[in-house]
Amino acid sequence: MGCFTFVKVMMILFNLFIFLAGGALLGVGIWVSVDGTSFVRVIGPVSSQAMQFVNIGYFCIVIGAILILLGFLGCCGAQKESKCLLILFFAIVLIIFIAEIAAAVVALVYSSFAESLLRAWVTPILRDDYGRQKDATGIWNTTMSELKCCGFTNYTDFSDSYYFNNNDNTYPPFCCNTTICTEAAAIQSQVQGCFRQLFDILKENANIVGGIAAGICALEIAAMVVSMYLYCKIDGKSRV
C-alpha cells in the first residue's frame, strides 16, 4: 500500500468517525431541546454545571451539523478524489481553527468583556424564564444546587424577575442560607454567582481544559495537512 493510498484510507476512516459523532451530537441536541430535564437526569449534575451558560441544545445541533458536513466532505473528497470537496473541507476547518483561536484570545485577554457578553445573554433567561419554563428552571436549579451559587452574578439577577414577582418578592432558596430568601437574607448570605464558581472550577482544572483544547487544535491541523496533501497529490496525478 502506497503512502497516498494509506493517507486516503485514514482520511476516509477519520471523517467517517467525525460524521457519526456529528450525527450523535445532533441527536443529543434535539433530545435536549425537546426534553432538557430528562437529559440532565441522565448526564448527572456535574456535567450540567455549564449547561445554562450556553444553550446546550442548540449548541449541540449546530456543532453536530457542522461535524456531519465536515465528515461528508472529508469522506467524499478522499473517496472520490475530488479537489473541490477537499479544498472546501480544508477551508471550513481553517475557518473553525481561526475562530477558536480568536475566541481563546478574547476569553483570556478580554475576560471581563467575555463575562459581560455572557451576562447579557444569560440574565434575560433568569429574569424572564426562571420559574416559568420548566426546562430552564430545572437546569438552573441543578446548577445552583451543585455549585452552591446563585444566579449568574448574584441574587440581583432575580430582582424584579418573573420568579421574584410571583413568589412574594422572594429569591430562589439557593441564594440564601435561610428558608425564606428575602432581599435582606440574600444580602446577609452573600452567596456567590455561578459564573465566578464555574470560572474557579475551570482554573482548578486548567491543565485538563488546556490539554483538551490542544488536542482539538492538533487534530484540526492534522486534518488540514492531510486534506492539502491529498489535494496536491490528486493535482499531480491529474497532470500525469
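Modeller: One term before we start: a polar contact is a pair of N or O atoms within 3.5 Å, where one must be able to donate a hydrogen and the other to accept it. Also, keep in mind that this is a predicted model.

Colleague: Thanks! What lies 2.8 Å from a polar atom of the side chain of N15?
Modeller: That would be the backbone oxygen of M11.

Colleague: And where is N15 found?
Modeller: N15 sits in helix α1, which covers residues 3-34.

Colleague: Is N15 buried or exposed?
Modeller: N15 is buried, because its relative accessible area is 0% and the cut-off for buried is under 20%.

Colleague: Which residues does N15 touch, leaving out those up to four places away in sequence?
Modeller: N15 is in contact with L70, G71, G74, C75 and F89.

Colleague: Switching to the surface, which residues form the nonpolar patch?
Modeller: The patch is made of F6, V9, M10, L13, L16, F19, L20 and F72, and together they have about 720 Å² of accessible area. Helix α1 gives the largest share, with 7 residues.

Colleague: How accessible is M10, then?
Modeller: M10, also in helix α1, counts as partly exposed because its relative accessibility is 38%.

Colleague: Last topic: what is the mean pLDDT of the protein?
Modeller: The mean is 80, and 83% of the residues reach 70 or more. Among the elements, helix α7 (residues 162-165) has the highest mean at 91, while helix α2 (residues 36-43) has the lowest at 55. Over residues 45-54 the pLDDT is below 50, and this stretch has 31 contacts in the model beyond near neighbours in sequence.

Notes. Residues numbered from 1 in each chain as written. Heavy atoms only, no water. Helix = DSSP H or I, 4+ residues; strand = E, 2+ residues; numbered from the N terminus. Buried < 20%, exposed > 50% of the residue type's maximum accessible area, 1.4 Å probe, protein only. Contact = heavy atoms within 4.5 Å. Patch = residues over 30% accessible without salt bridge, like charges linked within 9 Å, V, L, I, M, F, W, Y side chains within 5 Å. Areas by Shrake-Rupley, 256 points an atom, 1.4 Å probe, with all protein chains shown as cover. Salt bridge = Lys/Arg side-chain N within 4 Å of Asp/Glu carboxyl O. pLDDT = per-residue confidence, 0-100.
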